[in-house]
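Please look over the sequence and the 3D structure shown here before reading on. The notes after them are meant for someone meeting this structure for the first time.

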Amino acid sequence: MIKTGGKTRRGLIVFGSTFGSIAQLARGLWQSDSDKRWLTPLAVFLCVTGLLLIVGTAVEALAPFIYSIW
Amino acid sequence: MCYEAPDGIPNLRLPGDRRTEMVRDFYEGAPFPDYPRRATLSWLRGRAERSEFAKLIDRAIPGDARIVEIGCGTGQMSLYLASANRIVIGADLTRASLRLGVDAARRFDLDQVQFIETDLHHPGLRAGAFDVVYSSGVLHHTPDPRAAFASIVRLARPGGMIVVGVYNAFARIPLLARRVVARLSRYRFIPCDPVLRDRESEPTRCAAWVRDQYQHPEEHRHTLAEVQSWFAANDVEYMRAYPSAVLGEESEDLFARAADNWSLEGWLAQIGWIGPLGHEGGLFVTIGRRS
Amino acid sequence: MDLPRPHERPTAFDRMLTPVHRWIWSDTDRRVQKLLRFGETETDGGRDILRAAEVTSDPLLRRLYLEHAIDEFRHGVLFRHRAAELLRASQTGSNTGFQGDWLAPGGHGLDDLQVDGESDQNMLAFLHLSEKAAASRFSVYRDVMQHDLPTRAIFEEILHDETFHMNYTLTQLARVEPRLHKRHLWRARLSRLWKSYLRLATGIAAVLGSILLTIQYFVLLPPFAWLAKRAARREHFGWTKVAPGRNDSLDRQY
Amino acid sequence: MNILGISAHYHDSAAALIADGVPVCAVQEERLSRHKGDAGFPLLAIETCLQQAGIEREALDAVVFYERPMLKFDRVLTCTLRAFPESWRTFPKAMKNLLGEKAWMRGIISSHLGVPARKVLFTEHHQSHAATAFLTAPTRRAAIMTADAVGEWATFSVGEGERGSNGTTKIRRFREIRFPHSLGMLYSTFTAYLGFKVNEDEYKVMGLAGYGQPTLVEQVRKLIRRTPDGAFALDLDYFEFHTTAERSYSLRFVELFGPPRNPYEPIDLDTAEGQRFADCAASVQRVLEDTLVDLAQTLHQETGLTDLCLGGGVALNGVANVRLLAESGFERIFVPPAPGDAGCAIGAALYCDRIHFGNPDRDLPDHPFWGPSVDGSELARIAQEDGHHIEKLSENVLIDQIAGDLAAGRIVGWMEGALEFGPRALGHRSILTAPHTTKMRDRLNREIKYREPFRPFAPVVPVEAAERYFDIPPGGTRLARFMSGVFPVRPEWKPQLQAITHVDGTARVQVLEPGMAPRLHALLEAYGRRTGIPVLLNTSFNLAGEPIVNRAVEGYSTFLRSKIDILVAGGTRVTKRTSAMDKTEAGRMKEEVA
């Protein structure tokens, strides 16, 4: 049986991995052959919003309050 | 015993009281729901399985069960349930509806369904003969639902399942509110009815819905606690409700006992039904096991 | 008359029907028919419980079931004998009139229970309930049998056994499946309420999230949308070459 | 080296484990979770894979996800921007969906499995399709063509694969066609228009096509035009799938083809309306075939190879596959048993093994049976508990008895060995019956499968006898191995094979080699000895709307809930307690009504 650990713990692992993924996305867009440099700031910004979503799902109980950070 | 069986539908009905006759006349005028002209069994199953409940109940009933549906109307549920080695008796007050059911059964080549015309107070069926007694959207249209319930329970064998769908007092509030407006405007204006909106392009189905929901001559509404009291009075063990009356419980096996039966939670859940069930008629289903 | 023992108090329903029962048992013919029928159901019940004793893997239960089954068989014999006596006494022969069967139900046939393959818990729970129901009814029958003392004595004796059956099934049920303590039950209930709060919270969060994202959409996206549309217009239709190095590294997520 | 491949999150999740270059286990999540088309993270499937291989998570050398999440995010974002401002409703949903979860696959996989993030790798979606198609096919060198609805950006790609003499493997994709121009989307749009479920019921369109005439080809060609460089492009005015999630065809589409079908009304082929839908289906099918054939011809000329490997969901279209075989110039066509997204789990893992780690090429067993095995004694135990009639028989007796049952017109639920990977039941989880009469087809439809009457059932035939009953061209046997082709039934046999002959005289036949499923082969031969025709009707062992059964209990409950007469798992044969008295019982009940 795969033990997946608590939801919060998993959320933290996912959170930790996001920065590498965002960096890859930014690098990819910046160097892309179809010239999408202009998309990079928006994509990165939205990903940061996404971090909030991850935190929101990880600590469900406080989710409504997390959004008030905004 | 002799009985008449025109169109292959035995007539076991005794003349009823005035209010029952009124309901009968109401349905005799417009059998509902109708079958499309070339309906097939796969069409019926597709249509039935739009409802999660139909799928769950089909899964819960064993393959060799004997089922009686009280108030089967045109028999769509009876025909849907008539798979595997099940035997289904569909009983209704209204011959015009049953005739449609018989035609459909013939067309679908289902020989394990028998439709009978009868009254639920004197069903003329052997007591204790059925594994499942199913009755949805019927009891609340009888003059005395509690008594009607007592008489259908007898059809189930000890240990048999009773599945009863009635209007919920809470979940029907939105419709009652709309009905006030509808009556004031003499049914010219019915605001925010999602079913009517869906059927915008089909005037006959719209009219059928308005007739059934807004102009029914006999209608009662019940709470879960009320239905549970019927159960208790008739030696029926309460199993669960659909939608579940346990907060946050997903209904999977309809014939399994609910995780809990806590009345406060039941009330909270019923208030919660106003949303999802209130959209349509506000029908909830309670399932019990005859002890 | 001695007071009924705690577990053989009739239920409200049965108490309500006392006059009916009194009427049913008042007539000898009816009494004979009923006793014969009770004799049958008790014997049937005994057979089923015997089967349960054969099936169960629990040695203690096996012994108790056996005991129980023997009791039931004995009850059957008692009922039949008494009926025979009454028949001989009345000399009228049996005359089936209105039986009032459903008004005065007898013991418990187990015909609705598939004894084989039934778990011990289910079996015990079932037995407990049916014994309880039977005890309730028999106590009413006993009470209305003021005029027929021998029959009353039979019910008295059977009731004594029923009380034992009722109690052993309950204690065994508690042994086979130790009941959760009340506190556990409450904890379960509260945790469910908490979970439904969580769902509410995530629901609210989802709505808030949608609002935030929609605001972003209209505030943030327009200039990028313009750029995207311009780029789309310049994009050619048809084949796009797959750059040779694109699949070299499996580490890439982009 | 242990490599886990995962496909998840869109439809039909799956996991596959490759150990030392050979698949050990591959299974779709739906078969375990029992939710049809389960798209969740395939935890159960992963667990099964690890169990079957007998390894712990720590022993995994790599976990490969079948697409690149950030590239997908780029595509979704770009398309949303292009559709501004109509896309305002889809934007929050899409962003929550992607950024709330799916974009962070590296973290999700590593958090679920507890493997370090650096071990989580990614292949491109169409690269995975190409790998599934080429690496599982017994060919040294082949052209590769993949087509589906959409992966990240690509919807169609061509390339070639090569197994070198020194054990190295190469897969090179030359070029691709990008979203929103997609053959899969074109077909899915018609699926939705015809009132079927997108991503699930595309085969119904194919079945319906047999009843229509391609009279609307000109109209369909307006939707998809060929570009000067030989690719294709959709005219987006007719579509809405790239802007909204609600509907995939636009008002102009409806103007062109008429009102869409109400999904809840039956199709009546005798009316003009019903015929119009059949013609629509036939027309889009024809255009799909024509386009594929043309693209494949170009690829053939370009590569000069004799073999073609097909991947992606479009490769499930058996009619198109046969036309490709006949007209593209390729001599052999290989379609894997699971060409769709679920199959990518195997492809991604194999690609990682052969190309990323450069492990030497190995010949793979050429069968689809990679799932958990069924246990006949488990069936015997539970059926016995319920009092059904069971027999444990030796191999020969069992085969002979089942052949007798089939010849007597009984419906047999057949379970043996490992579960199939992929959408088709290829003889390990099948419902088998005699294929001779339309009566049998109608009985199956009425009592078990509840299919639309226009959908045909498939036959299975031993390879030795295939030519006798079916008109299979050279190379067709390979397609028929995994039911990937539709072939004509020989006219003289049609009266004896009514239940499996489609209205256009074809059948989606499975040609069975003895080595692939020896018991089923033996059964076919025994049936042939009894009846003279070694052909059986073979349909997947499930009820309508449910996934194919996996374990004995699921087969058993399906058996009880339907009118399957006999259930076989391993050496156990079960008959129903009540089946014999079924009719009398019904009669008695009806009497009692009085």
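What follows is a short briefing, grouped by topic.

This is a predicted model, in which local features need pLDDT of at least 70, side-chain atom pairs count only at pLDDT 80 or more, and totals for chains, interfaces and linings use all residues. Residues are numbered from 1 along each chain as its sequence is written, while chains are lettered from A and ligands numbered from 1 in the order in which they are written.

**Chain A**
- Chain A has three helices and zero strands, where helices (H or I, at least four residues) and strands (E, at least two) are DSSP runs numbered from the N terminus.
- Of the 70 residues in chain A, 30% are buried, meaning that 20 or more other C-beta atoms, placed from the backbone, lie within 10 Å of the residue's own.

**Ile171(D)**
- Ile171(D) belongs to strand β8 of chain D, residues 169-178, and is buried because 22 other C-beta atoms lie within 10 Å.
- Leaving aside neighbours within four places in sequence, Ile171(D) is in contact (C-beta atoms, placed from the backbone, within 7 Å) with residues including Phe134(D) and Ile355(D).

Methods. A residue is buried if 20 or more other C-beta atoms lie within 10 Å of its own, exposed if 12 or fewer, and partly exposed in between; C-beta atoms are placed from the backbone. Two residues are in contact if their C-beta atoms, placed from the backbone, lie within 7 Å.
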